[in-house]
2 protein chains.
Amino acid sequence: MARVVVDVMLKPEILDPQGQAIARKLPQLGFDGVTAVRQGKRFEVELDGPADEAAVERVRQIADTLLANPVIETYEVRVLQDD
Amino acid sequence: MARVVVDVMLKPEILDPQGQAIARKLPQLGFDGVTAVRQGKRFEVELDGPADEAAVERVRQIADTLLANPVIETYEVRVLQDD
């Protein structure tokens with residue numbers, strides 16, 4: 001069983017109101033030193049086989065069609081563990 | 001400027017309907033070999049200083065109070081880059 005992680009983040013030029021709200025709130029809560037927060041999604045995809053090249057490519061296609069919106073988001077696929 | 005990532009995932013024993021919906025949909029879309037999907041959140045926190053031990057500890061406190069719900073979620077803090 002292998003686990004592949006897909007990290008989905010808004011493109012830098014896309015406004016992220018959720019992240020901005022968090023960043024604005026931090027000083028009021030006593031947390032200084034944070035200049036920005038961006039919020040994205042993380043998916044853990046469990047495969048029934050090994051995370052070989054074909055499997056990772058399949059996860060990439062899943063990310064592209066189902067997990068991310070390529071118009072406003074970027075994604076990164078990486079193998080987490082393979083045991 | 002340093003960037004710290006906070007990954008927030010539902011605890012394994014907490015039901016994840018969003019992830020389940022994705023996993024169920026995959027075979028209908030022609031994607032086989034995925035046994036489970038879990039959906040979580042990913043935060044990129046930008047610091048105005050270096051990601052030293054004190055700064056990472058501060059981000060951990062932010063995660064604990066604001067980014068994650070420790071009752072149902074676990075989180076992981078890691079330094080992404082420090083330049």
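This is a predicted model: local features need pLDDT of at least 70, side-chain atom pairs count only at pLDDT 80 or more; totals for chains, interfaces and linings use all residues.
Residues are numbered from 1 along each chain as its sequence is written, and chains are lettered from A in the order in which they are written. Local features need pLDDT of at least 70 and side-chain atom pairs pLDDT 80 or more, while totals for chains, interfaces and linings use all residues; side-chain values use heavy atoms, without hydrogens or water.

**View 1. The contact between chain A and chain B.** Each chain brings 30 residues to the contact (heavy atoms within 4.5 Å). Together the two chains bury about 2,700 Å², with 63% of it on carbon and sulfur atoms; this is the accessible area (1.4 Å probe) lost on being put together, summed over both parts.

**View 2. Strand β2 of chain A beside β2(B).** Here β2 of chain A (residues 34-47) pairs with β2(B) in the antiparallel sense, over 13 bridges. Strands are DSSP runs of E with at least two residues, numbered from the N terminus, and two of them pair if DSSP finds at least two bridges between them. Look for A:R42, which stands opposite B:G40 in β2(B).

**View 3. A salt bridge at A:R42.** A:R42 also forms a salt bridge with B:D7, with the closest N and O atoms 2.9 Å apart.

Conventions
A salt bridge is a side-chain nitrogen of Lys or Arg within 4 Å of a carboxyl oxygen of Asp or Glu. Helices (H or I, at least four residues) and strands (E, at least two) are DSSP runs, numbered from the N terminus.
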